[in-house]
Amino acid sequence: MTAAVFFGCAFVAFGPALALYIFTIATEPLRIIFLIIGAFFWLVSLLLSSFIWFMAATLTDNKDEPRQRDLLIFGVLISVLIQEMFRFAYYKLLKKSSEGLKSINPVSGLGFGIMSGVFSFVNTLSDSLGPGTVGIHGDPPQFFLNSAFMTLVIILLHMFWGIVFFDGCEKKKWYTLLVVLLTHLLVSALTFISPYSGLNLVLAYIILVLTGIWAFFVSGGSCRSLKLCLLCQDKDSLLFNQRSR
């Protein structure tokens, strides 16, 4: 049972990201490099925010519960702000290659998302192997599954946020950066809601769908292109099939 929970939750959380990597990134060495760089940027942002939180916890008396809660909220706020700062720094790095910015944009966000998902879910995933049993005291047993779906949301949102964020920087639509920051803060705040209620997942997936639609149109998509793609009538696809014959 524990092995089934472990592999099932791992598939839910990281399966779509793995599929994106295999079908869109693995065949392009340059994309692999930028994916790794994006993951590295997120990792450095985590290191910096962890250092700031550690200093704040050291300088304050965090033994009482209200102070611990305040420090946790402070840590989330600082972490989100620093992540977006490093996203902007990564944009400035990619800006040096205008051609690379067009093709690597989603890849960089996926690198952010994968590293974020690994660090947020790996400890929870390891706990699914036991020896404890979730729900033994009457609590709902869907804790690990809910955590897996929330991790999936974070991974995909980072990819969509990267697309929208970079487009805002390119077109100097600075309100876009603010929207990305606020939605990032909102989704992070949803993690404070008990995963047993399911409310955090519902709200997070609503934000995911809306952000995904925004990223789709920002990337040049349209209702017509989506319809052609779903009906396998995309012009580029037809030209490719004709050449194959």
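The legends below describe several close-up views of a predicted model.

In this predicted model, local features need pLDDT of at least 70 and side-chain atom pairs count only at pLDDT 80 or more, while totals for chains, interfaces and linings use all residues. Residues are numbered from 1 along each chain as its sequence is written, and side-chain values use heavy atoms, with hydrogens and water left out.

**View 1. The chain as a set of helices.** The protein chain holds 9 helices and 0 strands. Helices (H or I, at least four residues) and strands (E, at least two) are DSSP runs, numbered from the N terminus. Read from the N terminus on, the elements run α-α-α-α-α-α-α-α-α. Of the 245 residues in the protein chain, 38% are buried. Here buried means under 20% relative accessible area, exposed means over 50%, and partly exposed lies in between (1.4 Å probe, protein chains only). Contact means heavy atoms within 4.5 Å. Among contacts between residues at least 6 apart in sequence, 75% join residues at least 24 apart.

**View 2. The largest nonpolar core.** A nonpolar core is a set of buried Ala, Val, Leu, Ile, Met, Phe, Trp, Tyr and Cys residues joined through side-chain atoms within 4.5 Å. The largest one has 39 residues, and Tyr-90, Leu-110 and Leu-157 have the most contacts inside it. Two or more residues come from each of helix H1 (2-25), helix H2 (29-59), helix H3 (65-95), helix H4 (98-127), helix H5 (143-171), helix H6 (174-190) and helix H7 (199-218). H5 gives the most to this core, with 15 residues. Not counting residues up to four places away in sequence, Leu-157 touches Val-187, Ile-207, Leu-208 and Thr-211. A second, separate core has 8 residues, including Cys-9, Ala-10, Val-12 and Ala-13.

**View 3. The largest pocket.** A pocket is defined on a 1 Å grid over the protein atoms alone, as an open set of points where a 1.4 Å probe fits, with protein on both sides within 12 Å along at least five of seven lines. Grid points are joined across faces, edges and corners, and the volume is the space filled by probe spheres set on the points. The space in the largest pocket is about 1,000 Å³. Its lining has 32 residues, and the closest to the pocket centre are Val-76, Phe-119, Ser-120, Ser-188 and Thr-191. Lining residues have an atom within 4 Å of a point. H2, H3, H4, H5 and H6 are the elements that give two or more residues to this lining. By type, the lining divides into 15 nonpolar, 17 polar and no charged residues. In this count Ala, Val, Leu, Ile, Met, Phe, Trp, Tyr, Cys and Pro are nonpolar, Asp, Glu, Lys and Arg are charged, and the others, Gly among them, are polar.

**View 4. Ser-45 in helix H2.** Ser-45 is found in helix H2. Ser-45 counts as buried because its relative accessibility is 1%. A polar atom of the Ser-45 side chain lies 2.5 Å from the backbone oxygen of Trp-42. Leaving aside neighbours within four places in sequence, Ser-45 is in contact with Ile-82, Gln-83 and Phe-86.

**View 5. Thr-176 in helix H6.** Thr-176 is found in helix H6, and at 3% relative accessibility it counts as buried. Apart from neighbours within four places in sequence, Thr-176 is in contact with Val-164, Gly-168 and Trp-214.

View 6. Tyr-91 lies in helix H3 and is buried, with a relative accessible area of 5%. The C-alpha atoms of Tyr-91 and Ser-108 are separated by 9.0 Å, and these residues are 17 apart along the chain. Asn-146, in helix H5, is buried at a relative accessible area of 15%. Gly-212 lies in helix H7 and counts as buried at 18% relative accessibility. Gly-212 and Trp-161 are 51 residues apart along the chain, and their C-alpha atoms are separated by 8.6 Å.

**View 7. Lys-172 in the loop between H5 and H6.** Lys-172 lies in the loop between H5 and H6. Lys-172 is exposed, with a relative accessible area of 58%. Its phi is near 60°, a positive value in a residue other than glycine. Most residues other than glycine have a negative phi.

How values were computed
A polar contact is a pair of N or O atoms within 3.5 Å; within protein, one must be able to donate a hydrogen and the other to accept it, and residues adjacent in sequence count only if both atoms are side-chain atoms.
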